[in-house]
Amino acid sequence: MSTKIGFIGCGNMASAMISGMLDSGAAGRGDLCASAKTLKTQEKIRDKLGINCADNRGTAQFADVLFLAVKPQYYEEVIREIAGAVRDDEIIVTIAPGKTLAWLEKTFGRSLKIIRTMPNTPAMVREGMMGLCPNDRVTEEELSKVRRLCESFGKTEVISEKLMDVVTAVAGSSPAYVFLMIEAMADGAVADGMPRDKAYRFAAQAVLGSAKMILETGRHPGELKDMVCSPGGTTMEAVRVLEEKGFRSALIEAEKACVQKSREM
């Protein structure tokens, strides 16, 4: 019997996850159902993804695995709406920062199978990175089922709940830091005469290739950095300026601020 998958909320993140499941064959269109607040969004879901639509309670009743893909500020409202429609054997998967397993159980009003996750937007190109943290009611088999679904749009790692806020900073939010860096790199190239479309292509491919070197070689980032920094060369001069301007410190402080914000949500 196929697994029925529901999404409450179908914004960019949920659409990317659903597309990954469909494109990889991890789920069929008849196995998926999503809810959305407006008729316009429901029509968009049907046209773009070709899957069923229902209201929140209908989606909860349909699903064996239910993804809560609304913004964090709507979690309490949505949970109270669907709590009576969720079965005891249903797996609830959350993607919101700051909503702990204890808070989720308290808000549902009973003990359920819950997996906290934190995905990121590269799921749109099936290169996402997701941390998962199950509660003690989720079996190994059930966790593996959810991981297989999520690995249709990226990589997954099971982590302890105390690290979920860190995952938010280092993976969930970090594409924004990288996009900001790529934009700045391209601006620098444009300032020295390169057409903008080419500047974005050079910068983005350089970042993609650099990340792939770390993942595929297993070598330390500092070692790979040293390979580029010839004595007295251009790269070392650029690195010197980055250090002078606090590049690494700025990233560390940004991540620490992100973690703190996540803990306060």
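**Pockets and salt bridges in a predicted model**

α1 (12-24), α2 (39-49), α4, α7 and α12 each give at least two residues to the lining of the second largest pocket.

Sorted by class, the lining of the second largest pocket has 19 nonpolar, 15 polar and six charged residues.

Now the largest pocket. The volume here is about 2800 Å³. The elements that contribute two or more residues to its lining are β7 (128-134), α7 (164-172), α8 (174-191), α9 (196-217), α10 (221-228), α11 (234-244) and α12 (247-264). Which element gives the largest share of that lining? That is α9, with 12 residues. In total, 50 residues line the largest pocket, and V178, M181, V207, S210 and A211 lie nearest its centre. By class, this lining has 33 nonpolar, nine polar and eight charged residues.

On to the salt bridges. Side chains of opposite charge can pair when their charged atoms come close. The model has 16 salt bridges, and I will go through three of them.

One is between R87 and D64, where the closest N and O atoms are 3.0 Å apart. What does this pair tie together? R87 sits in the loop between α4 (75-82) and β5 (91-94), and D64 in the loop between α3 (56-62) and β4 (65-68), so the pair links parts that are 23 residues apart in sequence.

Another pair is R219 with E223, with the closest N and O atoms 2.7 Å apart. R219 is partly exposed, with a relative accessible area of 35%, and E223 counts as partly exposed at 36%.

The last pair I will show is D226 with K225, where the closest N and O atoms are 3.0 Å apart. D226 is partly exposed, with a relative accessible area of 48%, and K225 is partly exposed at 39%. Going back to R87 and D64, salt bridges with shared partners join D64, R87, D89 and E90 into one network.

Conventions:
Residues are numbered from 1 along each chain as its sequence is written. This is a predicted model: local features need pLDDT of at least 70, side-chain atom pairs count only at pLDDT 80 or more; totals for chains, interfaces and linings use all residues. Side-chain values use heavy atoms; hydrogens and water are left out. A salt bridge is a side-chain nitrogen of Lys or Arg within 4 Å of a carboxyl oxygen of Asp or Glu. Helices (H or I, at least four residues) and strands (E, at least two) are DSSP runs, numbered from the N terminus. Buried means under 20% relative accessible area, exposed over 50%, partly exposed in between (1.4 Å probe, protein chains only). On a 1 Å grid over the protein atoms alone, a cavity is a set of points where a 1.4 Å probe fits but cannot get out, and a pocket is an open set with protein on both sides within 12 Å along at least five of seven lines; lining residues have an atom within 4 Å of a point. Grid points are joined across faces, edges and corners, and a volume is the space filled by probe spheres set on the points. Ala, Val, Leu, Ile, Met, Phe, Trp, Tyr, Cys and Pro count as nonpolar, Asp, Glu, Lys and Arg as charged, and the others, Gly among them, as polar.
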